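User: I would like to learn how to read a few features of a protein model. Could we go through them one at a time?

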Amino acid sequence: MIELKLTTGEEQLLTPIKNDKGQYELVDSTNTVQMVVILKDAHIDIINKGNVDVDAYDQQDLSSRFDLLAVEILEKEQSGVEQNEYDEKVEITPYDPELIKVHQKQFSIKFIDEMIENGDIDFTPDFQRHFVWNSIQKSKLIESLLLRIPLPLFYFAEDYEGRLTIVDGLQRLTTIKEFMRNEFPLKNLEYLDEGVKGRYYKTNLEKGQQGIDPKYYRWFNMTQFAVNVIDPSSPFKVKYDIFRRINTGGRPLKNQEIRNCLSSISLRKLLNEMIALNEFKRATSSSVKPDRMEDQEVALRFITFYDAFKQDASLQTSYSGYMENTLDEATEHYYKISENTHKKYLELFRNAMKNAEYLFGSRYAFRKVRKEHIGDARKQLFNKALFVAWATQLAEIPYDKITEKYPKEYLLPIFAEKLEKDDVLMYYLSYGTNGKANLIYVFRVVAELINEKLTL
């Protein structure tokens, strides 16, 4: 999303929706087009200023905002997933400030290293693999420690078993851990040279690695870190809020990346197993990418809406209409997953994917396919609203019964015709698809088609 000042003088969030001309319409919360732009060579060109008072902005600031938008659009175009989930408003549920419990502590570098070795500090959150520092950045951090320059505060979240999750400082701690294991030498330093340059943490004669001089070795080991530890009694919402406020990574984390960091090992294990299924990859034609954990978010949506549908098939009482809050709450709700529950969700997901691929075909499942798209070489984008509606409602239907009674891609022409005739369905699948009214309507249409066309 991008924030622009309109002619009314108000600040309003605009979200890009791609039109059939390859342009992007920036729409407001009522889906009214305010501006039309196009992406050219990773930059934004304005096609139609519309209602946006472009001249009211500092041009350098406006250019910076458009550059951020260009990055977002490029990520969306490469993901293979429709980006049309704009929520009209954010659910605000204030928490009692008295519930925020954050303790300030001092941890020695040796103590942190010991906790890492014992598995008491969780390095599992795997969004890290996408944002790894290079050797120069790593060396400069270690040089700062050797110069005894204090590092910024670290933030940890503690669970009830005493384990710590890194809220802010993951790259710094990863670098320190790697240096203490002789995984890289120091180079391209700004101030230090003799006794440090080209050297490792400690000497390893077998590998030909020379350690830093004893003076620097002692200084490094005496390093103390200022750490804020979020108490386990603090509500989940507080942890998410703190994470979003203080995370200092060079590239803002997506919501699912934050959830991944604060979720349990058991939930992460389940989501990773779900997205690793060949059935999932075939049913989605590998369109849901792992780059910003979009695949894990899709798996989390399946679990969340499967249970929401079981609780209330209409979704009237089981879905608030605020997707991000819903998925945040789900991350807390599914914090502890038993082995039986893990197996249940995994098998339901596998069965749903098999059914979807058989009934629609891997090129067409979970996509807004019209009749003219069938057989076309161009693949339509993956639609998350269709995914949750079809996947959750196909999850319990026996695969063998479907294959015995119906031919392959049986539902494809049926649903394509429905999309042609139902303008409301097409609209709800194209704009603000996280909205409560949108998902209620899509779920109802899918339920009606299953009841009418899949008589098992």
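User: Which residue stands opposite serine 108?

Analyst: This is a predicted model. In it, the residue opposite serine 108 is glutamine 224, which belongs to β10. The two strands involved, β6 and β10 (residues 224-230), are antiparallel to each other and pair over seven bridges.

User: In what order do the strands of the open sheet lie?

Analyst: The order is β6-β10-β8-β9-β7, five strands with mixed pairing. At the edges are β6 (102-108) and β7 (121-122); each has a single partner strand, so one side of each lacks a neighbour in the sheet.

User: Which helix packs on this sheet, and which strands are touched?

Analyst: Helix α4 (residues 170-180) does, with contacts to β8 (154-158), β9 (164-168) and β10. The direction of α4 makes about 120° with that of β9.

User: How many salt bridges does the count come to?

Analyst: The general idea is that side chains of opposite charge can pair when their charged atoms come close. Here the count comes to 18 salt bridges. One of them joins the side chains of arginine 181 and aspartate 113, at 2.8 Å from N to O. This pair links distant parts of the chain, 68 residues apart: arginine 181 lies in the loop between α4 and α5 (214-221), and aspartate 113 in helix α2 (residues 109-117).

User: How many cavities of 30 Å³ or more does a search of the whole structure find?

Analyst: Rolling a probe the size of a water molecule over the atoms shows where empty space is left. In this structure the search finds one cavity of 30 Å³ or more. The volume of the largest cavity is about 30 Å³.

User: Which residues line the largest cavity?

Analyst: The lining consists of Arg363, Tyr364, Val369, His373, Asp376, Arg378, Lys379 and Gln380. Sorted by class, these are four charged, two polar and two nonpolar residues.

Methods
Residues are numbered from 1 along each chain as its sequence is written. This is a predicted model: local features need pLDDT of at least 70, side-chain atom pairs count only at pLDDT 80 or more; totals for chains, interfaces and linings use all residues. Side-chain values use heavy atoms; hydrogens and water are left out. On a 1 Å grid over the protein atoms alone, a cavity is a set of points where a 1.4 Å probe fits but cannot get out, and a pocket is an open set with protein on both sides within 12 Å along at least five of seven lines; lining residues have an atom within 4 Å of a point. Grid points are joined across faces, edges and corners, and a volume is the space filled by probe spheres set on the points. Ala, Val, Leu, Ile, Met, Phe, Trp, Tyr, Cys and Pro count as nonpolar, Asp, Glu, Lys and Arg as charged, and the others, Gly among them, as polar. Two strands pair if DSSP finds at least two bridges between them. Helices (H or I, at least four residues) and strands (E, at least two) are DSSP runs, numbered from the N terminus. Contact means heavy atoms within 4.5 Å. Axes are lines fitted to C-alpha atoms, for helices over the stretch in contact, and angles run from 0 to 180 degrees between N-to-C directions. A salt bridge is a side-chain nitrogen of Lys or Arg within 4 Å of a carboxyl oxygen of Asp or Glu.
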